[in-house]
Amino acid sequence: MSLITAIICVLGALAIGEIISIKTKAIVPSVFITAIVFLIGYWTIFPENILEIAGFVTPIIISSMLFLVTHLGTMLSLKELIRQWKSFSIAIFGILGICFGTLVLGKLFFPWEMLVIATPPLSGGVVASIIMSEAATAKGLPELAVLAVVMYVMQGFIGYPLTAFVLRLEGKSLLRKFRNGETIDFDKKEIEEEETKRLIPPLPKEYQTTYIVLLKLALLVGGAILFTEAINEVVSRYVICLFVGVIGAESGFIERKPLNVSGTFGFYMTGLMAFIFGGLSKATPEMLQTLLIPFIGIIGFGVVGMLIFSFIVGKILKESSPMACAISLNALYGFPANYALTVEAAKSLGETEEEKQFLIDAMLPKMLVGGFVSVTIVSVIIAGIFVKLL
């Protein structure tokens, strides 16, 4: 397959997902359809290394992730981040719910070793999947090593439609309040007023060029990586990038939403989304057939436990049930799918640009925090603990 043909196939899969999502007003999320297209493609005409042929190689993807995470950090004010302590708590209890569902309920039907290996990847994160896959291989359990990979690769098929559903419920509820003039639990105007109090004054518009903005973003990413190395990766570099983005924007060193300002957001997002779906290349029909029942059972128990725990904690913290469930469901996919699903729901529900932006401002910070807590932080900790349970 040639370079251009590979690019057309990858972009075609992404475009098909968007078209169907637009047609169905996000009832069918784009990431779900795109995942199916990639899966069918890998089973038919896509070569396993189609992303490499198309130029989506690892260094580009890693830099895209670092840039995007830092970019997302610039969208959060310090006050907004502190406000999200409820999202942080809900995400943690959601993962505890997964562990309860798989290890307590699942133990009635599946072997202990299978449950231990499958649970960390279900809580989110490719790192957790790799840790458990290698642990299973070392124990002489190759089929369970495959299960760890499949659990990570395929859990989005459950998470995408569930999240799209609860985000639409939340979005409709928020819109009703917005249109009735009711007060919402965040004050965007207050956050906007803080922009005038930044330590470093903003660059004149003529200097906010692609190269200058990307240079500042790269400097922030470089600083985050140096700090992460200095603390021996005790905290994930992506978490540090998120906070560095917050600090950079709060101080005035960099503009809010720098990738949008530089006009490069779509480029980085495209590569990252394509890479996510590239993981489906390992999901062969034979593999899925063998692991179908364990996959459905374990993920079913895990999701049930997650939703029960998040519902209860949401009630205690006075967070709406749909939003609490959406925050916890981040464990099944994380960034960038949580960003795409949230924006997609907002654009499909809002009738005006003001309503769409309102929904994004109300839901996206909670989803981003939920994703980083579950996928980037807690899933790795869970994997480190579960390896010792084998």
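**View 1. Helix H2 packs against helix H10.** In this predicted model, helix H2 (residues 30-43) and helix H10 (residues 156-179) have axes that come within 9 Å and cross at roughly 155°. Helices here are DSSP runs of H or I with at least four residues, and strands are runs of E with at least two, numbered from the N terminus. The axes are lines fitted to C-alpha atoms, for helices over the stretch in contact, and the angles run from 0 to 180 degrees between N-to-C directions. That crossing makes H2 roughly antiparallel to H10 (angles over 145 degrees count as roughly antiparallel, under 35 as roughly parallel, 65 to 115 as roughly perpendicular and the rest as oblique). Who meets whom? On the H2 side look for Val31, Phe32, Ala35, Ile36 and Leu39, and on the H10 side for Phe157, Tyr160 and Pro161; contact means heavy atoms within 4.5 Å. These contact residues divide into 8 nonpolar, no polar and no charged (Ala, Val, Leu, Ile, Met, Phe, Trp, Tyr, Cys and Pro count as nonpolar, Asp, Glu, Lys and Arg as charged, and the others, Gly among them, as polar).

A note on reading these views: residues are numbered from 1 along each chain as its sequence is written, and side-chain values use heavy atoms, with hydrogens and water left out. Local features need pLDDT of at least 70 and side-chain atom pairs count only at pLDDT 80 or more, while totals for chains, interfaces and linings use all residues.

View 2. Helix H1 (residues 3-23) has 21 residues and reaches 30 Å from its first C-alpha to its last, close to the 30 Å expected at 1.5 Å a residue; the expected span is 1.5 Å times one less than the number of residues. In H1, Ala6, Cys9, Val10, Ala13, Leu14, Gly17 and Ser21 are buried (under 20% relative accessible area, with exposed over 50% and partly exposed in between, using a 1.4 Å probe and protein chains only).

**View 3. Met367 is tucked away in helix H19.** Met367 sits in H19 (residues 353-387) and counts as buried, at 0% relative accessibility. Leaving out residues up to four places away in sequence, Met367 touches Thr163, Leu167, Met323, Ala326, Ile327, Asn330, Tyr333, Asn338 and Thr342. Met367 and Ile90 are 277 residues apart in sequence, yet 11 Å apart in space, C-alpha to C-alpha.

**View 4. Phe267 is an exposed residue of helix H15.** Phe267 counts as exposed at 57% relative accessibility. From Phe267 to Ser64 is 203 residues in sequence and 8.8 Å in space, C-alpha to C-alpha.

**View 5. Two lysines have a positive phi.** Lys257, in the loop between helix H13 (237-251) and helix H14 (258-262), has a phi of about 50° although it is not a glycine. At 33% relative accessibility, Lys257 counts as partly exposed. Lys318, in the loop between helix H16 (285-317) and helix H17 (321-329), isn't a glycine either, and its phi is about 60°. Lys318 counts as exposed, at 75% relative accessibility.
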